[in-house]
Structures are given as C-alpha cells and as structure tokens.
Amino acid sequence: MPGFELFGDLERKEVNDVLDNGVLMRYGFDGMRNGHWKAKELEEELQNSFKTNHVQLVSSGTAAVSVALASAGVGAGDEVIMPTFTFVASFEAIMMLGAIPVLVDIDDTLTLDPKAVENAITDKTKAVMIVQMCGSMGNMNALQKICTKHNLLFVEDACQAIGGSYEGKPLGSIADLGCFSFDFVKTITCGEGGAVITNNPEYYKNADHYSDHGHDHVGSDRGAETHPFLGYNFRISELHAAVGLAQVKRLPEFIAIQKKNYTILREAITGIPGVTFRKVPEGGEESYAFLNFFLPDLEVARKTSKALKSNGVDVCWNYYDNNWHYIRKWDHLKSQKSLFPLSSEMKQALENLKNKSFEQSDHYIGRNISCLIKLSWTDAEVKERASNMASSITKALES
Ligand SMILES: *Cc1c(COP(=O)(O)O)cnc(C)c1O
C-alpha cells in the first residue's frame, strides 16, 4: 500500500515549486505565489480521479472524518454507527464533535454487517460510517438502503481502500460523504493529509469553511472575510499538497503494481484446504492494498501468524490482539481514559460498550490474516514470499 516506497523526481519538482516562491499556505498571498496553488490543483485532480463534484483537502484522514460529519450537522449526543474493526481514528473523529460512537459487528467482508447496523439504530442515530478496511468494501447497496429507509447520513471512510471500486464507482465516492487519508503509510501520501469528497454542494461549502476557522473565502482579502459559523483549523499546507499532487498522478501505476503482487500471492495460497478469502461484494473490485484470508480458527491463525514471521514473511497480521485496529484492545476507550471530562451521555455509552461482547466480529477477526501488499518488491521477492506464505500456512494447518 505505501506510496512512500516510490518517491522521485515528480515529488521533488512539486515541492521545489512551493519552496521557490515561499508560499507554504494554501490560502491568500496571491501576488507572491507565481501561480502555484498546489492544494487547489490536488483537489481538482482528486475530483477527476474520484468522479466527484467537490473535494476539500484537510490535514489528516482523522480530520477528514470529523470535518465530513460536522459538515453534515452531526454533533453532540448524535449516535454514529461504526464497525468494531477499523483504526482508532474512527471513534476519535466522532467523539471530537461530542457525537457518540456506536460500535457494531463486522461480517465476512471485514466491514459493517448490514444486519448489525439495522439492529443498532435508535432515535438518536444520525449517521452510519462504513470503513472500507484493508483494500476492500462492505455491501454498499444494503447499507445505502438502510440509511435511506431510516433517513440516516451515510459516510464512507475509504482511507485504506483508495483505488478500489463498487459497481464501477470509486470507493469513497459512493456514500453522502467520503474520507481519504494521505498519511505516510497510505497508498498515496502527502506526508500528512486527508480529503473529504462529496457531491453535495452544501456539505462541501461547510467543509471548506469549517476546516479554515469558518472563513467564507469570499474576495481576496483574508482579514476582511466573514465567519458565517464556528470553525476550526484542519488546513493542509502547500508543501504537503505538493507531495500529494505528484503521488495522485501515479495512483493508476501504484494500483497496477498492487494488483500484480496481490495476484501472485493469492494464487500461491488458493486451494490450500482450510484457506478461504475475505468476501468482496458482487460488483466490487479491491484496491489490492492487502490480501486477506481466513483460517479455520483462532489457534491456527495464531500459529500461521507465527510461522509467517519465522519464515521471513513480514507485514502480515492477525488483528485479534492488535492495539490499534480492533475493539478487544481499546481499553482506553472502554475505560474512558480521557484527558478532559466527557459528557454524561458519552460516559453512559462507553460504560455500555465495556460490557458488550462482539462474538461475530471475534469469529472473523480471530481467523483472519491480513497481508500488506508493497509496491517496492521485486518480482523475485514476490515469488519467494508467495512460496514461503504457502509453506508457512500448510505447516500451521498440519501442526
Ligand atoms: C489511516 C486511517 C485513518 C486516519 O488517517 P490519518 O491521516 O492517519 O489521520 C482513518 N481511518 C482509517 C481506516 C485509516 O486507515
């Protein structure tokens, strides 16, 4: 997945453009910047790549989720349904607005189970956030139907699935609002950065103002601009946007490399009795950022994980005991380790979460192995990795 593996002259040229004129900020300083508007250019590139009307760049993927929710009016006391398997950023971004994260089970897609979503809806539910984990997607039609039926906002965190698609539409562009991260380990990187994408002009205008202290961005004198509503600072810098501008142009190349490497690894382990693959919904195409497969049970998955490591196959994980991606180890969330006081509604919700079990999620995450697909592997390295993967899995299954 990581774009940082492939860095070169394109990135250097874009960054030097910014350094040469000295305007590191994305807004204002029109006279000094010699026509360089890297953030604006990157937003246009992303509009084209993701076939979407509006793009707002922000400072991170986490910021993108907060800005997306805020732009659609989600806030204090509103419940946002999210999956048990994701990155901690999901609940952080929700809680930053005073909104309440409601965690629900995943299914064999490794994303939200539509049935679990429907069961979690209350009269406080405002939004459903799908997280397209590990390069693939949930059942978008089923989830959209539920959101439409219950009049809920549908948000898509596509931070880990940039370049994938569903029924011909780029992931991130399907729900009401989509979020991307361009942090250092994502498929394309800005160093740090993120984006909100939407076809809704009102949400876009809100995201544009909210991410820059409420600035209305009317006219050419920043100091004279008005503030129609409260905002915050989630701006991206021109330096970061410049890196992203070079990287986004290479996205098709990155996806093609991922697909090639993914296919070699997948073919090597296809047919091993006991190995099944993560379900990709009909009409979906993965971004090939990860290869995900299931083993018969947690014990075999743990053995496999160990065998892979000792055979030199790195960047493969069983997320069951992972601190950052799965609810089991989110003790800081369940025990409310907050630096500042939380609202009584939030405390109640987190108290409820503490006593909840997620057997269906455990069933899938416990048996899953997720292997990152790198861009920098040589053909020989991929072949060696494929054969080591197959033998490690076979050994673990037999022992
Ligand atoms: C990386 C990631 C984020 C957060 O992005 P940052 O840019 O690191 O803040 C959010 N959601 C998912 C699924 C991610 O993988």
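At what angle do helix H10 and helix H14 pack, and how far apart are their axes? This is a predicted model in which local features need pLDDT of at least 70 and side-chain atom pairs count only at pLDDT 80 or more, while totals for chains, interfaces and linings use all residues. Residues are numbered from 1 along each chain as its sequence is written, and side-chain values use heavy atoms, with hydrogens and water left out.

Helix H10 (residues 298–310) packs against helix H14 (residues 379–398) at an angle of about 140°, the axes being 8 Å apart. H10 is therefore oblique to H14, a term for angles that are not under 35 degrees (roughly parallel), over 145 (roughly antiparallel) or 65 to 115 (roughly perpendicular). On the H10 side the contact (heavy atoms within 4.5 Å) is made by Val300, Lys303, Thr304, Ala307 and Leu308, and on the H14 side by Met389, Ser392, Ile393, Ala396 and Leu397.

Charged side chains form another set of links, with a count of 21 salt bridges, each being a side-chain nitrogen of Lys or Arg within 4 Å of a carboxyl oxygen of Asp or Glu. One of them joins Lys38 to Asp17, with the closest N and O atoms 2.8 Å apart; because Lys38 lies in helix H2 (residues 38–49) and Asp17 in helix H1 (residues 9–21), the pair ties together parts that are 21 residues apart in sequence. Lys38 is buried, at a relative accessible area of 2%, and Asp17 also counts as buried, at 15%, where buried means under 20% relative accessible area (1.4 Å probe, protein chains only). Through salt bridges that share partners, Lys13, Glu14, Asp17, Lys38 and Lys249 are joined into one network.

Key
Axes are lines fitted to C-alpha atoms, for helices over the stretch in contact, and angles run from 0 to 180 degrees between N-to-C directions. Helices (H or I, at least four residues) and strands (E, at least two) are DSSP runs, numbered from the N terminus. Buried means under 20% relative accessible area, exposed over 50%, partly exposed in between (1.4 Å probe, protein chains only).
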